[in-house]
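Please keep the sequence and the model in view while reading.

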Amino acid sequence: MSRHDTLLYLDGVSVSFDGFRAINNLSFVLAEGEMRAIIGPNGAGKTTMMDIITGKTRPDEGEVYFKGKIDLTTHDEADIAMLGIGRKFQKPTVFESHTVEDNIALALAGARGVLPTLFRAATQKRENGIKAILDKIRLSHLRDSLAANLSHGQKQWLEIGMLLAQDPKLLLVDEPVAGMTDAETEETARLLREIAEDHSVVVVEHDMGFVRDLGVKVTCLHEGSVLSEGSLDHVSSDQRVIEVYLGR
Ligand code: ADP
Ligand code: MG
């Protein structure tokens, strides 16, 4: 496939840690506007793949391109964030001693490089931006609560909101529903589907009910390569996927 009309293009990517090949000749393509779910056993290389995309880890070999022409292997983490790739790690890293609103406001300010002294100057635009994000992440009713008082699931949504404040083109989300209640998990699938209406998204997740709710193409990684790819029904009936992952 030509990389030129892709949003994310990885080809022949490998990386070793102390002689262990965590990523092994990996090829992966995401179309503009697509949401993709990544599954696979622990140690398959899912997080390392995100580390490579975001510049945290340099591949030993292979091509990594964003928007068909930006060679991500020549950029560092800060550059890659500026290019429009936002990442949510597994554990929420919200500012616990700040309110929900201030967490979003700080992320908006950080994204635009506004000086802290100017940042308090409330403008209608800033208020609208905060309100839109709070509505989206289902936390409007908690805007004055301290982040410390949110449930685990709500903290994950707040962090997704902080990511949205940076206005990324592509969101990478690593195991968002781990530790969530069933109701929060279902709500998170709805949230990500809404976000995917105007963003591209790669979401790593083990919860197969959640992956089904996302309703998108699935890639199963194993030993640093793609084992199977396609609809969830296709991938989950693949004998190799059953052997290494689903049938554990
Ligand atoms: P997954 O997210 O699919 O569970 P990871 O990408 O975290 O898997 O890990 C893939 C493999 O690479 C694991 O065996 C892990 O121990 C190893 N690994 C990942 N990052 C590092 C690192 N920075 N140093 C050494 N080994 C690592
Ligand atoms: Mg991982």
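Helices (H or I, at least four residues) and strands (E, at least two) are DSSP runs, numbered from the N terminus. The phi of Arg138 is near 65°, a positive value in a residue other than glycine. This is a predicted model, in which local features need pLDDT of at least 70 and side-chain atom pairs count only at pLDDT 80 or more, while totals for chains, interfaces and linings use all residues. Residues are numbered from 1 along each chain as its sequence is written, chains are lettered from A and ligands numbered from 1 in the order in which they are written, and side-chain values use heavy atoms, with hydrogens and water left out.

Asp18 also has a positive phi, of about 50°, although it is not a glycine. Asp18 belongs to the loop between strand 1 (8–17) and strand 2 (20–30). Because its relative accessibility is 85%, Asp18 counts as exposed (buried means under 20% relative accessible area, exposed over 50%, partly exposed in between, with a 1.4 Å probe and protein chains only).

Helix 6 (residues 152–165) packs with helix 7 (residues 182–195) at an angle of about 10°, their axes being 11 Å apart. Axes are lines fitted to C-alpha atoms, for helices over the stretch in contact, and angles run from 0 to 180 degrees between N-to-C directions. Helix 6 and helix 7 are therefore roughly parallel to each other; angles under 35 degrees count as roughly parallel, over 145 as roughly antiparallel, 65 to 115 as roughly perpendicular and the rest as oblique. Contact means heavy atoms within 4.5 Å. Helix 6 contributes Gly153, Gln154, Trp157, Ile160 and Leu164, and helix 7 contributes Glu184, Glu187, Thr188, Leu191 and Ile195.

Glu229 lies in strand 10 (residues 225–230) and, at 32% relative accessibility, counts as partly exposed. Which residues does Glu229 contact, leaving aside its neighbours within four places in sequence? They are Phe28, Arg36, Lys217, Val218, Thr219, His234 and Val235. Phe28 is 201 residues from Glu229 in sequence, yet 9.8 Å away in space, C-alpha to C-alpha. The side chain of Glu229 makes polar contacts with the side chains of Arg36, at 3.2 Å, and Thr219, at 2.6 Å. A polar contact is a pair of N or O atoms within 3.5 Å; within protein, one must be able to donate a hydrogen and the other to accept it, and residues adjacent in sequence count only if both atoms are side-chain atoms.
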